[in-house]
Structures are given as C-alpha cells and as structure tokens.
Amino acid sequence: MGSALRLRPFRREDYPWYRAWYDDAELDAQLGPMDEEWLTAVLTESTGEQLVAVETAGPRAGEPAAVVGIVWGIPEHPEHTISDLAVCPALRRTGVGQRVIAALAEHRFGAPARGLIAYVDPDNPGARAFFAGLGWAHTPPPPGEADPMHAYRAPASEPAPAR
C-alpha cells in the first residue's frame with residue numbers, strides 16, 4: 001500500500017496549496033467550493049479536526065498527500081465521522097485514501113469514540129466504491145429522506161485513545 005502517512009493539524013499556511021487542489025473539476029464537484037469561510041470554520045473548530053496527511057518517505061517526503069476532516073463522536077452519535085477526504089488530484093487512485101484510513105486507525109483523536117463512520121452523497125460513486133472496497137458496512141439512505149446520504153461504518157475495532 002506504500003509508505004505511511006503522518007497526520008498533522010491543518011494550518012492557515014496550508015490554505016493556498018489546498019485551495020489550488022480545487023482547480024481540479026472532480027474534486028471541486030464533490031467537495032467544493034473551497035473558500036475563506038471554510039478556512040475560518042476549520043481553524044476555529046472545537047468539535048473535530050481537519051488533518052493533513054503528509055508523506056513520510058520517498059520522493060514526495062514532507063509533501064501533503066491528502067486532507068481529511070473528522071467530527072468527533074458525541075454521546076448521541078458515538079462514532080467519529082469522516083466529514084471529507086480530499087486526495088491530492090495528482091495522486092488520485094494510487095492508494096493514498098487507503099493509507100489515510102490506516103493512519104486514522106493510529107491517530108489520537110481529541111475525544112474517544114466507538115469507531116469511524118462516513119456519510120457519502122448518492123452522487124459520489126467514487127467515494128461509495130472507496131468505502132465499500134475497504135469493507136465498511138453500508139447502510140443506504142432511508143426512502144424519502146430529504147438529504148439522503150449513504151452511511152459506511154468501519155469494521156469494529158478499537159479506535160486510538162483520545163489525546
């Protein structure tokens with residue numbers, strides 16, 4: 001699957017290169033738009049974290065490979081939710097997403113949880129195939145749901161402890 005990734009908090013100085021990723025039509029269509037409002041929300045977030053996955057070895061050592069958002073679990077919803085996963089467009093379909101998920105399994109989150117869940121828009125077949133390919137349990141949206149989202153739950157495992 002390639003070398004490991006190191007996860008670190010997203011910083012203000014990351015915004016220019018991350019915003020440039022959204023010049024990619026596919027990324028922008030699925031996760032856009034990217035703007036200063038998003039940046040402000042990320043930098044002031046208190047119920048989750050936005051993480052940069054940085055290559056640890058090889059010719060891209062030290063370079064960002066992906067950005068992943070996590071909303072921490074709460075008593076009513078005890079799983080951590082993957083809110084977004086953006087892979088550098090030049091690295092799409094190279095296994096980076098799988099490596100990000102592996103890094104999340106080792107990450108010390110800001111709050112304890114019972115696992116990971118991702119909600120995926122029905123119009124995002126790539127993300128649906130990604131989580132299904134990881135073997136995550138799928139729950140389709142209820143019929144007639146106003147904002148239908150597919151839920152994918154990671155196989156049961158012990159999440160990393162809180163910081």
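User: Before we start, what should I know about the numbering and the values?

Analyst: Residues are numbered from 1 along each chain as its sequence is written. The model is predicted, so local features need pLDDT of at least 70 and side-chain atom pairs count only at pLDDT 80 or more, while totals for chains, interfaces and linings use all residues; side-chain values use heavy atoms, with hydrogens and water left out.

User: Okay, how do I read aromatic pairs?

Analyst: Take the rings of Phe, Tyr and Trp (its six-membered ring): they pair if their centres lie within 6.5 Å, and planes under 30 degrees apart count as stacked, over 60 as edge-to-face and the rest as tilted. By that rule there are 11 aromatic pairs here. In one of them, the ring centres of Trp17 and Tyr18 are 6.0 Å apart with planes at 75 degrees, so the pair is edge-to-face.

User: Which kind of pair do Tyr18 and Trp38 make?

Analyst: A tilted one, because the planes are at 40 degrees, with the centres 5.3 Å apart. Tyr18 lies in helix H1 (residues 15–21) and Trp38 in helix H3 (residues 36–44), so this pair ties together parts that are 20 residues apart in sequence. Helices (H or I, at least four residues) and strands (E, at least two) are DSSP runs, numbered from the N terminus. Both residues also belong to one aromatic cluster, formed by Phe10, Trp17, Tyr18, Trp21, Tyr22 and Trp38.

User: Is Tyr18 buried or exposed?

Analyst: Buried means under 20% relative accessible area, exposed over 50%, and partly exposed in between (1.4 Å probe, protein chains only). Tyr18 has 0%, so Tyr18 is buried. Trp38 counts as buried too, at 18%, whereas Trp17, at 23%, is partly exposed.

User: And salt bridges?

Analyst: The general idea is that side chains of opposite charge can pair when their charged atoms come close. The cut-off is a side-chain nitrogen of Lys or Arg within 4 Å of a carboxyl oxygen of Asp or Glu. This structure holds 9 salt bridges. In one of them, Glu13 pairs with Arg11, and their closest N and O atoms are 3.0 Å apart. Glu13 is exposed at 53%, while Arg11 is partly exposed at 39%.

User: Which residues does the cis peptide bond join?

Analyst: Gly32 and Pro33, with omega at about 0 degrees. You'll find Pro33 in the loop between helix H2 (25–31) and H3.
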